[in-house]
Amino acid sequence: IRSCPRPSISYGAMIGCFGSPATLRRMSGDGATAHVCASLQGKLAGSSSKFLVLTLNEGKLRLPPDRLRAAVAEAVRGLPEGAVREAAAVLVARQEASRWDMVTVPVPCSCGSRSAVGEQWDAAMAGLGFASKVIEVGGFGQTRLALYAKDGSEFEPCWQCSTTFNCSVALAVVRHRGSRLLLGSVHLDSHTEDPREDPVLAAIAEARAAVGLDAALVAGDFNYAMEPTARAMAFGGKAALVSERLQSELTKAQAQQASKSVTALPEDLQGFLLENLATPAGRVALATLDGTPEVLALPFGQAASSGGGGGGELGALRLTGLGVGTFPTYRLCNKDNLAFTRFAADEAAFGRDEKEFNCCEGPPETAEEPLDSSEKRLLAQDNEAKATRPKGVLTLRSTACISADAVKACYFEDNNKGHSGAIKKRGSYCRLGIGWMDRLYVGDGPGSLAGNDSTERHSQAVQSDPIFILGENDEPLDHALMTWCVDVPFAGASSPFKG
């Protein structure tokens, strides 16, 4: 240990050498290793850990194992380079989790590996290098969460709960680098009066009171659709026009005497949506109608004063912003396989140029220019991905320009149910059946996660493109698989070497 040339060795590597965080804590009192522990404590001060977060409302549909693995691989391919390599763990948040996801998977053991019955999500995560399941909360057919790590000894579960009262939520708290990280999978009920997230926030406040919270990653189906907003009116143009027309139609639906109804959009409003959802610039404008709250404030209460780590004063969750030009994650359709075929054909015809153009007129004319080495590499990777991608997985690329017919097939033409792209009324609540519903909230404690200086640092998240998946018998999942890479800061005040 004394001969270690650089004390910048990672905490994960030290765990690998010495076995567990507890071993390192005990070592902090040993004079022979005190200088190494002190160096690591300095290294950890103001450091961070990367997490991958995936959320999918499965609709209780069975997912073919090859499609799930391909969808996960496609999702992480859209993250920044090195995201999988640098991540410490993956949070998988599932809603309406399939009851039929048991498969035969290889299980590591002393003799190499053996076969065992396990969940196909386990196999998909092991394929990415996250073979250690730290904790799993929730039941089949309900809201579930699981945390998969490269090194399970870096995480220590210390609290969990699961409830389906007024909403469906699975929560867990794990210790990592001496801080307490809340993990959540959420499925909010869109038929309740706002604020519909109150039961979730009450459960999180319970966790905060029990063990204290320093940071949070909460993902899932928050069920907020496109709605009229002041932000859209300020944006102006087509966004303001859609906001005004949508408000008028929601008011009409609200005035209907029936407690349950589904109302198709008038032709002009549907036309505005088709036109704008077809291009990146149009989707940026429509994103101003996103109804998901930007901040969820936790109920006031006493934070835990014990349990290790500093702070524990998590007071709010911040919504991770949408990627530029990202497609809505709900309500996806694929009647007669039209969405898949039209989207792929349009993307191939129009290319993936981020410059705005009229999708009805085709791609802009550009002079042929030789590709540099990096462009050739990206093109080769893209072609390889397309060649190996199995049937039933479609990436809704944020840079894609598609036709109005492709948009209509994706969001307005379901299998005769008529709910897609329509206004649904349930009691006193009305909503449009299109939106960015599958989201991620992050939370940082006000004191415990600040760096050594006086400037607080916050978790930074990067979103991948939505992944459209077909379940067994090619039945479409109406929610997209969403993925993020999150950099969560941890402070020296919460170092595992303290106490």
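## Charges over rings

A charge is taken to sit over a ring if NZ of Lys or CZ of Arg is within 6 Å of the ring centre and within 35 degrees of the ring normal. In this predicted model, arginine 196 lies over the face of tyrosine 224, at 3.9 Å from the ring centre, and the charged end of arginine 283 sits over the ring of phenylalanine 327, 3.7 Å from its centre.

The model is predicted, so that local features need pLDDT of at least 70 and side-chain atom pairs count only at pLDDT 80 or more, whereas totals for chains, interfaces and linings use all residues. Residues are numbered from 1 along each chain as its sequence is written, and side-chain values use heavy atoms, with hydrogens and water left out.

## Nonpolar cores

A nonpolar core is a set of buried Ala, Val, Leu, Ile, Met, Phe, Trp, Tyr and Cys residues joined through side-chain atoms within 4.5 Å; buried means under 20% relative accessible area, exposed over 50%, and partly exposed in between, with a 1.4 Å probe and protein chains only. The largest such core has 40 residues, of which Met226, Leu273 and Tyr411 touch the most other members. Two or more residues each come from helix H9 (237-254), helix H10 (267-277), helix H11 (280-286), helix H12 (338-350), helix H14 (404-411) and strand S16 (429-432), where helices (H or I, at least four residues) and strands (E, at least two) are DSSP runs numbered from the N terminus. Apart from this core lies another, of 30 residues, among them Trp121, Ala124, Phe130 and Val393.

Leaving aside neighbours within four places in sequence, tyrosine 411 is in contact (heavy atoms within 4.5 Å) with residues including Leu277, Phe327, Tyr330, Arg331 and Ile434. Of these, tyrosine 330 and arginine 331 are joined by a cis peptide bond, with omega about 5 degrees, and arginine 331 is found in the loop between strand S13 (316-319) and H12.

The structure holds four aromatic pairs, a pair being rings of Phe, Tyr and Trp (its six-membered ring) with centres within 6.5 Å, and planes under 30 degrees apart counting as stacked, over 60 as edge-to-face and the rest as tilted. The rings of phenylalanine 51 and phenylalanine 155 have centres 6.1 Å apart and planes at 70 degrees, so this pair is edge-to-face. It links distant parts of the chain, with phenylalanine 51 in strand S1 (residues 48-57) and phenylalanine 155 in strand S7 (residues 155-163), 104 residues apart. Both partners are covered: phenylalanine 51 is buried at a relative accessible area of 0%, and phenylalanine 155 is buried at 5%.

All nine residues of strand S8 (residues 168-176) are buried. Ser168, Ala170, Ala172, Val174 and His176 point one way from S8, while Val169, Leu171, Val173 and Arg175 point the other way. Two strands pair if DSSP finds at least two bridges between them; S7 and S8 pair in the antiparallel sense over eight bridges, with glutamate 156 opposite arginine 175.

Nine bridges join S8 to strand S9 (residues 179-187), again antiparallel, and valine 173 has leucine 182 of S9 as its bridge partner. S8 and S9 form a hairpin with two residues between them.
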